[in-house]
Amino acid sequence: GDGYKAMAVLAHTAFGMPLIYGGQEAELNKRLAFFEKDTIDWTEIPLERFYTTLNQLKQDNEALWSGIYGAKLQRINTNNNNVFAFIRQKNDNQVMVIINLTPESQRVTLDEEAPKGRYSNAFGGELELAGEALELEPWGYFVLTNK
């Protein structure tokens, strides 16, 4: 697919407060008219669970809070310029994000200083990080927490 979800993951986990535009969670594919009534078709909301997951994580995990209340972003070297990875850690809350910024599959090995161990993926399942290479599908991402 396109990089839409990957960019939304980045907006919700990097810095600041993410914006969700009217209809974005319903995959609205038109620009809304300003100053006139322009309806949004809410019969299907395919991205509802996706945004609910990101918003709940941002609210519940202190590391992702905004401004001085959250954690600074610490970049993790991926040895691959097409993949951006970082960790945010505050008190005992840790969030590690790994995002493929391209429409091609990518293989990455995180820097040896990257945290190791078992992480929960915010979008389901667990991932054991032990220094081995990771495969990311086109525009793929991992949003990993230590809880």
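Trainee: Which side chain does Arg118 meet in a salt bridge at 3.4 Å, N to O?

Mentor: That of Glu128. First, the basis: this is a predicted model, in which local features need pLDDT of at least 70 and side-chain atom pairs count only at pLDDT 80 or more, while totals for chains, interfaces and linings use all residues. Residues are numbered from 1 along each chain as its sequence is written, and side-chain values use heavy atoms, with hydrogens and water left out.

Trainee: What makes the contact between Asp38 and Lys30 a salt bridge?

Mentor: The definition asks for a side-chain nitrogen of Lys or Arg within 4 Å of a carboxyl oxygen of Asp or Glu. The closest N and O atoms of Lys30 and Asp38 are 2.6 Å apart, so the pair qualifies.

Trainee: How many salt bridges does this rule give?

Mentor: Four. Among them is the one between Glu126 and Arg118, at 2.9 Å from N to O. Arg118, Glu126 and Glu128 are linked in a network of salt bridges.

Trainee: Why is Arg118 called exposed?

Mentor: Exposed means over 50% relative accessible area, buried under 20%, and partly exposed in between (1.4 Å probe, protein chains only). Arg118 has 52% relative accessibility, so the label exposed applies.
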